[in-house]
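Please keep the 3D view open while you read.

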Amino acid sequence: MRMLILGAGGLGSILGGYLANIGVEVTLVGRPAHTEAITRDGLRITGRRGDLVIKDNLRAVDQTAKATGHFDYLVLAVKGKDTAQALADAAGLRDVVSSALSVQNTVEKDATLAGWLGPDRVIGASTIEGGTLLEPGLVRNHLTAEVTAYFGELDGSSSARVDDLTTAFTAAGLPAVAVGNIEQVEWEKLAQIALAAAWSVTALGAIPGTSVFEGMEVPEGAKYFVALAKDLMAVYRAMGYEPMNFYAPLSRLKELDALPTAEAIKFVIRQGKTMREQGNSGHPSMYEDVLRRRKTEVDFMLKPYLAAAEELALDVPTLRVAYQIIKTIDRFLA
C-alpha cells in the first residue's frame with residue numbers, strides 16, 4: 001500500500017508515522033522545516049505509546065510536485081481553511097491517485113474531494129486520534145479511543161478499498177471499523193469536536209495549559225458544557241440521527257442527550273474527573289490555534305450545525321453565542 005498524506009501537521013504526521021511503522025509506504029507533504037527535520041532525523045513521535053523514531057517507509061516533502069509514483073490513497077489532513085489552496089497545489093496528483101479521503105474536522109470535505117477527484121474515487125473517513133506538532137520533526141500523540149477511525153463508501157456499500165484501509169489502520173495501532181453510515185459518523189464526530197472546541201475556547205481560552213477534563217470538573221463549566229451539548233444534539237436528532245457514541249469513552253453524547261440537565265451536569269463533572277485521573281490531557285486544535293494566535297476553523301466546525309438549525313427552525317442560543325464569541329476572537333488572529 002502506498003499513501004500520500006496532504007497536510008503533515010500533528011494528526012497527519014501521527015497517522016503517517018504509525019502506518020509507515022507497519023510497512024505502508026507513506027509520503028508526507030508538509031511545511032519545509034518539518035519535512036526537512038523528518039528527512040534528516042526521522043519522524044519523532046511521543047505520547048501514549050512512548051517515544052518512537054520512524055525512518056523506514058517514510059518520505060517527507062514540502063511540495064506535492066516532489067511526491068513521486070502512484071498512490072493507492074491520498075489523505076487530506078490540512079486545516080479546513082487551507083483546503084482550496086492545498087487541492088489546487090495538488091492538481092497534478094489527480095492522475096496518480098486511486099482513491100482519496102479526508103480526516104478533516106468538516107462535513108463538507110467529501111463533497112469537496114468529489115468535486116476535485118470525482119465521487120467514485122472518494123471514501124468517507126473520520127478519526128478522533130489526537131496529534132500535536134511540538135516542533136519540526138516532533139509530534140505528540142495525546143489522544144485515542146477504543147475505535148479511533150471509521151471508513152465507509154459514500155453510498156453505504158462495502159468495498160475492498162475500505163476493508164484494506166480498515167485493516168491497515170488497525171494493524172498500525174489505530175483501531176478502525178468499516179461502516180455503512182459514514183455520513184452519520186462524520187456529523188456526530190463534528191458535534192463532538194465542535195462541543196469540545198467551542199467550550200474550550202470560550203471557557204478556557206484565557207487559561208493556557210488547562211485541559212478540557214480539568215475544566216469539566218468545575219460546576220459552572222459543566223453546566224455550560226451541557227447547554228452546548230443539548231443544542232448540538234437537538235440539531236443532530238432533528239436531522240434524523242440517534243446519538244451512538246462512536247468514539248466512546250471520549251464521546252458521551254448519548255448520555256448528555258438522554259439525561260435531564262441536572263443529571264447531565266453531574267455526569268460531566270464525573271467524566272472530567274475520571275478522564276483526568278486516567279492521565280488524559282490535551283486540547284482541541286481550535287484551542288491550540290487561539291493560543292498560537294492563528295485563525296480558527298470555527299466556520300467549518302460550528303457553522304454547519306448553525307446552518308442546519310436555521311434550516312430546521314431550531315433555536316440553539318448557547319451554540320449561537322459561542323460562535324459569536326469565537327468569531328470575535330478570530331477577528332484579531334492572523
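This is a predicted model: local features need pLDDT of at least 70, side-chain atom pairs count only at pLDDT 80 or more; totals for chains, interfaces and linings use all residues.

1. The part to begin with is residues 4–155, where UniProt, in an unreviewed entry, places the feature "domain: Ketopantoate reductase N-terminal". This span is 25% helix and 36% strand, and its end C-alpha atoms lie 24 Å apart.

2. Look next for the open sheet of eight strands. Its order is β5-β2-β1-β6-β7-β8-β11-β12, and the pairing is mixed. The edges are formed by β5 (58–61) and β12 (176–178), each of which pairs on one side only. On average, and ignoring direction, neighbouring strands in this sheet are turned by 20° against each other.

3. Strand β11 (residues 149–153) and β12 run parallel and are joined by three bridges. A handy landmark here is Ala149, which stands opposite Ala176 in β12.

4. Helix α1 (residues 10–21) touches β1 (2–6), β2 (25–29), β5 and β8 (122–127), and its direction makes about 160° with that of β2. Helix α5 (residues 160–171) also packs on the sheet, with β1, β6 (71–76), β7 (97–102), β8, β11 and β12 as the strands it touches. The direction of α5 makes about 170° with that of β11.

5. There is also an open sheet of four strands, with the order β4-β3-β10-β9 and mixed pairing. Here β4 (52–54) and β9 (130–135) are the edge strands, each pairing on one side only. Neighbouring strands of this sheet are turned by 30° against each other on average, direction ignored.

6. Gly47 stands opposite Asn141 in β10. Which helix lies across β3, β4, β9 and β10? That is α2 (residues 32–41), running at about 100° to β3.

7. Now move along to residues 181–329, which the unreviewed UniProt entry annotates as "domain: Ketopantoate reductase C-terminal". Over these residues the chain is 70% helix and 0% strand, and the end C-alpha atoms are 35 Å apart.

8. A helix pair to pick out here is α6 (residues 182–204) with α8 (residues 219–238): their axes come within 10 Å and cross at roughly 150°. Angles over 145 degrees count as roughly antiparallel, so α6 is roughly antiparallel to α8. The contact includes Trp187, Leu195 and Trp199 of α6, and Phe225, Leu228 and Tyr236 of α8. By class, this contact has 14 nonpolar, three polar and one charged residues. As for handedness, α6 passes α8 in a right-handed crossing.

9. To finish, compare a second pair. Helix α13 (residues 303–311) packs against α14 (residues 317–330) at an angle of about 140°, with the axes 10 Å apart. These two helices are therefore oblique to each other. The crossing of α13 past α14 is left-handed. Lys303, Tyr305 and Leu306 of α13 meet Leu319, Arg320 and Tyr323 of α14. Sorted by class, that contact has four nonpolar, no polar and two charged residues.

Terms used:
Residues are numbered from 1 along each chain as its sequence is written. Side-chain values use heavy atoms; hydrogens and water are left out. UniProt positions are given in the numbering used here, feature names are shortened, and annotations may be inferred rather than shown by experiment. Axes are lines fitted to C-alpha atoms, for helices over the stretch in contact, and angles run from 0 to 180 degrees between N-to-C directions. Angles under 35 degrees count as roughly parallel, over 145 as roughly antiparallel, 65 to 115 as roughly perpendicular and the rest as oblique. A crossing is left-handed if the near helix is turned anticlockwise from the far one by less than a right angle, and right-handed if clockwise. Contact means heavy atoms within 4.5 Å. Ala, Val, Leu, Ile, Met, Phe, Trp, Tyr, Cys and Pro count as nonpolar, Asp, Glu, Lys and Arg as charged, and the others, Gly among them, as polar. Two strands pair if DSSP finds at least two bridges between them.
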